[in-house]
Amino acid sequence: MKQLGKASLKKHYAIFVMACLIAAFLGVEFGGSLTFSQAQTYEDTAQQIENDWYGDGTYLVKTSVDRVAWGDVLQAIAQGDTQAGKDVAQQIEEEEIAQAQEGSPILTRTRGVLAGVLNSLSSGSILATLVSAVASITGSKNLGLVVLIALGALLAFGFWFFVTNVFPVAVRRVFLEGMLYEKVTAQRFVFLLRVKKWLKASGTMLVRTIFYSLWCLTIAGAFIKRYSYFLVPYIVAENPDIKCTDAITLSRKMMKGHKWECFLFELSFLGWGMLGFLTLGLFNVLFTNPYKTAALTRYYAQRRQEAKEQGLPGAQLLFDTYLFEKAPQQVLEKTYGDVRQVMEHPEEPEEKPCGWRGFLSRNFGVLLLRREEDVAYEKRRADYVRVRAMMDDLAGEAYPVRLYPIPENQRRKLVESLNYMRGYSVWSLLSMFLGISLFGWLWEVGLFLVSYGVLANRGSLHGPWLPIYGAGSVLILVLLYRLRKRPALEFTAAVVLCGFLEYMTSLVMEISTGGTKWWDYSGYFLNLDGRICAEGLLVFGLGGMAIVYVVAPLLDNLLRKVNQKVLMAVCSVLMVVFAADAVYSHFVPNTGLGVTDVPDLVAEEQAEDTAG
């Protein structure tokens, strides 16, 4: 079993190590493996938190790098009152902002939503705010603190129940599929979600925990019942629809007469554990944990085989045959017929658009006019993308998800219609440019109205549009077309592209207008020359993902239903108006309230806050 475990680890080293490392960070298993990340020098340990009270009752905080502000705020609220907690949080926030301003201007955080969230979390002011809110409703400060603590306990239990408690099942599923198959993807961590059994698996593991905790109250229960319930995570990973009592009973029966054997098997890894101890847990992270789990997964496979052969009551509930033997090829061919059909056509079929039209279509997803052959080619590409992930299933290299006894979620019609690998006609792109520019204008006007109570025409143009939003969206759709199959890379590229676009737009507009600043992110957390900031780039990245995978396909579906001649006429008129506005605004730009005097408004707002 150890040799087979090593073979599985060799095939799937990266994902096995990742599974165990995530479990360690979540506190699920292997917690001692993270010792190397917690090692401190003597000087680090010597810097302790010094909290003291002045004689007049005000709170003094002498901070260190490792101080946890939330504890200070809670202590102040508990010993004094809510106002004391707010004072402590404000003092901490001011100190942290001052420290940030003494360093790089990029790290200042005096303005913006991201800065506000970061400051409230790091200073602990969010706790005082919550206590005040609850106290204002209940009329009792003490009750507010009790409610806050109860809410925190509830949230902690929720995280434990839905994540920590059930994650061992997800880990076992990954290791089970890795026994037989050559490929296991990170998507298998959400296997329970795909079969809609996450909640049921969480309930089963909760019952197991309760039973084991009760047995730990006895002298021998902690040892004996540990091995009686040892196989429950594996059983649930194979059949998450099993009743909790059935899973526990089946584990007990399968481990009857094998508890000491399992103990000795675990004990055989003691030498590897000692080596991990000498390396502060690093060797455990890189080898021992995944190796041991892979070997114990083989142990479960042996116990399961014996239970099946002996006709053990309840063994019929272990129904996932293809975890332990590969499906016959004829069964795979029948089940994955659509995959075979797509595999027989290359990714770039012979009927693909050719010449310069094909170049635009293949590399930028741009169609000058939507012809029937373009639509057919687009459909073939959509089919290819849809079943590409299942090619390994058909080849017998990955677990055949379609043969699992509990059907995994199939894509709904709406999702099917959101073919993000489609090409967009020029008229669709122009329509989306105008529509998203209008949405950007409404978004900016709305945000400014909420923030400052002033209705202002945002942007340098006089019309109701902000072209940076539309241009950014269209550039993401066109320039990043070939990255759409890889969402993580698409997101990163969208952030870089939009950041470059916003920075250069700010720079060019400032130079062309004699130094006028159209926006200034100075004071925002992680800003660059006040032209771009982390908050804006994050919004652009997330918005870009929404545009590529949801918004643009939906808009294109609607635009296809519009008469093309009407669409072309409307787009042409609006583009002429937009061009005229752009030319006029170049010579007479929209300036003034809410556009180029935002820093003055901010200064006024800060002065009012100070005076108040």
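Mentor: Here is the whole chain in brief, then the crossing, then some other places.

This is a predicted model, in which local features need pLDDT of at least 70 and side-chain atom pairs count only at pLDDT 80 or more, while totals for chains, interfaces and linings use all residues. Residues are numbered from 1 along each chain as its sequence is written, and side-chain values use heavy atoms, with hydrogens and water left out.

Start with the overall count. The protein has 29 helices and six strands. Both are DSSP runs, numbered from the N terminus: helices are H or I with at least four residues, and strands are E with at least two. Of the 612 residues, 43% are buried. Buried means under 20% relative accessible area, exposed means over 50%, and partly exposed is in between, using a 1.4 Å probe and protein chains only. Now take the contacts with a separation of 6 or more: 72% of them join residues 24 or more positions apart. A contact means heavy atoms within 4.5 Å.

Now the crossing. It involves helix 26 (residues 487–512) and helix 27 (residues 534–560). Their axes come within 8 Å and cross at roughly 125 degrees. Axes are lines fitted to C-alpha atoms, for helices over the stretch in contact, and the angles run from 0 to 180 degrees between N-to-C directions. The two helices are therefore oblique to each other. Here is the scale: under 35 degrees is roughly parallel, over 145 is roughly antiparallel, 65 to 115 is roughly perpendicular, and the rest is oblique. The crossing is right-handed.

Next, the cores. A nonpolar core is a set of buried Ala, Val, Leu, Ile, Met, Phe, Trp, Tyr and Cys residues joined through side-chain atoms within 4.5 Å. The largest one has 71 residues. Phe230, Leu231, Ile235, Met254 and Tyr300 have the most contacts inside it. A second, separate core has 33 residues, among them Val478, Ala494, Ile532 and Leu537. Back in the largest core, look at Met254. Beyond its neighbours within four places in sequence, Met254 contacts Leu231, Ile235, Tyr300, Arg303, Arg304, Ala307, Leu312 and Leu318.

What about cysteines? Cys533 is buried, at 2% relative accessible area. Cys571 is buried too, at 3%. A search of the whole structure finds zero disulfides, a disulfide being a pair of cysteine sulfur atoms within 2.5 Å.

Now move to helix 10, which holds Leu192. Leu192 counts as buried because its relative accessible area is 2%. Setting aside residues up to four places away in sequence, Leu192 touches Val166, Val169, Lys197, Trp198, Ala201 and Pro240. Its C-alpha atom is 7.4 Å from that of Ala170, 22 residues apart along the chain. Lys196 sits in the loop between helix 10 (191–194) and helix 11 (198–215). Lys196 is exposed, at 61%. Its phi is positive, about 55 degrees, although Lys196 is not a glycine.

Lys6 lies in helix 1 (residues 2–11) and is partly exposed, at 33%. Val387 lies in helix 21 (residues 372–388) and is buried, at 0%. Its C-alpha atom is 7.8 Å from that of Asp338, 49 residues apart along the chain. Ser460 is in the loop between helix 24 (426–452) and helix 25 (467–479). Ser460 is buried, at 19%. The C-alpha atoms of Ser460 and Val588 are 9.1 Å apart, and the two residues are 128 residues apart along the chain.

Definitions and conventions: Left-handed = near helix turned anticlockwise from the far one by under 90°.
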